[in-house]
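This briefing looks at a ligand and the space around it. Please view the sequence and structure below before reading on.

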Amino acid sequence: MKIFIDTANIDKIREVNTWGILDGVTTNPSLVARENTDFKTLVSEICKIVDGPISAEVMSTQAADMVAEARKLAKIHKNVVIKVPMTEEGLKATKTLASEGIPVNMTLIFSAAQAILACKAGARYISPFVGRFDDIGEEGMNLIAEIMDILDAYEFDAEVIVASVRHPIHVTQAARMGAHIATIPYEVLKKMLHHPLTDIGIKRFQDDWAKMSKE
Ligand code: G3P
């Protein structure tokens, strides 16, 4: 399973990249807005840190404008993946970009039916959002199970990026379902790393070792 970080914060990307587990980065307009910096410069900076797919989202709403915006973003670095929203115009743009060899991550996927359309249009990645379902009292991971069943039954090339991840259980469930990628916020990655019994275990080993050294 590939692990992406879901942030536009350079310091967090740099830190997690040192762990040796990071395969890519996803950003979205809300995450970029928090950084209050030039979008293209930010994407270029991320590409210098992480050697893997880096998703950058288009803001246009019409297919022709999305394509023009995407072509410019794709020129920033070979690893840039264009995030395109799941709309009729987004499907048209995805088809065009895929035919030009520009990889697309179709985002804001909330149903298996939308996932099928994204795959048919040639999306390289599809991003179903799980946490936003949980937020409204529905089981977000059911969507991943449904999509994985469909991908298993056909020869779609798209990889599933489990997005809107809220906690480590989303990640382990995604892995058990065979999802290709989870894009994980920094805070959730930290929660995945730590376990109180690990901390207690380390302290006990260090205390015992220190006692022996004194003796
Ligand atoms: O980047 C897309 C997705 O991961 C956003 O998550 O937390 O805004 O629902 P969230």
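**The ligand and its pocket**

Serine 164 has a side-chain N or O atom 2.7 Å from an oxygen atom of the ligand, a polar contact being a pair of N or O atoms within 3.5 Å. Taken alone, the ligand exposes 310 Å², of which the protein buries 82%, with areas from the Shrake-Rupley method and a 1.4 Å probe. This is a predicted model, in which local features need pLDDT of at least 70 and side-chain atom pairs count only at pLDDT 80 or more, while totals for chains, interfaces and linings use all residues. Residues are numbered from 1 along each chain as its sequence is written, and side-chain values use heavy atoms, with hydrogens and water left out.

**Contacts and shell**

- A polar side-chain atom of arginine 132 lies 2.7 Å from a ligand oxygen atom, and for the side chain of asparagine 28 an N or O atom is 2.9 Å from an oxygen atom of the ligand.
- The residues surrounding the ligand (a heavy atom within 4 Å of it) are Asp6, Asn28, Lys83, Phe129, Arg132, Ala163, Ser164 and Arg166.
- This shell divides into 2 nonpolar, 2 polar and 4 charged residues, where Asp, Glu, Lys and Arg count as charged.

- Of the 24 residues lining the largest pocket, Asp6, Asn28, Leu31, Arg34 and Pro185 are the closest to its centre.
- A pocket here is an open set of points on a 1 Å grid over the protein atoms alone, where a 1.4 Å probe fits, with protein on both sides within 12 Å along at least five of seven lines, and lining residues have an atom within 4 Å of a point.

Notes
A polar contact is a pair of N or O atoms within 3.5 Å; within protein, one must be able to donate a hydrogen and the other to accept it, and residues adjacent in sequence count only if both atoms are side-chain atoms.
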